[in-house]
Amino acid sequence: MDPLWDYLEGKKEVSDFQDFANNLYAAALDYNVGEEITEAQAEFSRNFVDIPWGKTCEWQILTWLSTLLMEVVATCGGRLDFEEFEEYEQEIDFSEMDEMLNMLADAGIELIGMPLSESKAADVMNAWEQISQTPLFRQVIERIQNGLKAALSAVPKQYPALREEYRQYTILPEEYAAKLLEI
């Protein structure tokens, strides 16, 4: 997250983190689909990503972050190692937000111990509907919405304060954080 904050605050240029963005995206592709990567990208992955990232939700977050970084690099004219971003001209769109919300719903089901009768799609959809009505899920969504509203309305001189504020809390209430890591 630091490269994004540093860029937003004007402390870094895209050229300062384009290598990191490309390498992180390569590591995510390698993990998710077995994409062949260069030796330099593999070394980056071994040094910075081959930590205990064994859980699917952690890799989903890492993949989403790598895509966001690549969108920033593409939008600002940085070097791109992946052709899928070469035609990217739009503003940052926070792609795959629905996947992140689905992941939050899945985590919520586990966190509150909601039983699933079977693993059929209808059962999962029903559980998602039920979890979306719980105080936990509503609190998480409210924190996300409030954070996005604050970020969108902030002026540059407020960025350092927002950065510090967001370091102090997570979108998931603390009592559930340890349990999430066990899932």
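This is a predicted model: local features need pLDDT of at least 70, side-chain atom pairs count only at pLDDT 80 or more; totals for chains, interfaces and linings use all residues.

Residues are numbered from 1 along each chain as its sequence is written, and side-chain values use heavy atoms, with hydrogens and water left out.

**Stop 1: the main core.** Select V49, L69 and F82, the residues with the most contacts inside the largest nonpolar core, which has 26 residues. (Such a core is a set of buried Ala, Val, Leu, Ile, Met, Phe, Trp, Tyr and Cys residues joined through side-chain atoms within 4.5 Å; buried is under 20% relative accessible area, with a 1.4 Å probe and protein chains only.) Next, colour α2 (14-33), α3 (39-49), α4 (56-75) and α5 (97-112), the elements giving two or more residues to this core. The largest share, ten residues, comes from α4. Helices here are DSSP runs (H or I, at least four residues), numbered from the N terminus.

**Stop 2: L69.** Leaving aside neighbours within four places in sequence, L69 is in contact (heavy atoms within 4.5 Å) with P3, L4, F17, F20, A21 and L24.

**Stop 3: α5 and α6.** Now show α5 with α6 (residues 121-131): their axes come within 9 Å and cross at roughly 80°. Axes are lines fitted to C-alpha atoms over the stretch in contact, and angles run from 0 to 180 degrees between N-to-C directions. The two helices are therefore roughly perpendicular (65 to 115 degrees). On the α6 side, pick A127, W128 and I131, which make the contact with α5 residues including N102 and D106.

Terms used
Buried means under 20% relative accessible area, exposed over 50%, partly exposed in between (1.4 Å probe, protein chains only). Angles under 35 degrees count as roughly parallel, over 145 as roughly antiparallel, 65 to 115 as roughly perpendicular and the rest as oblique.
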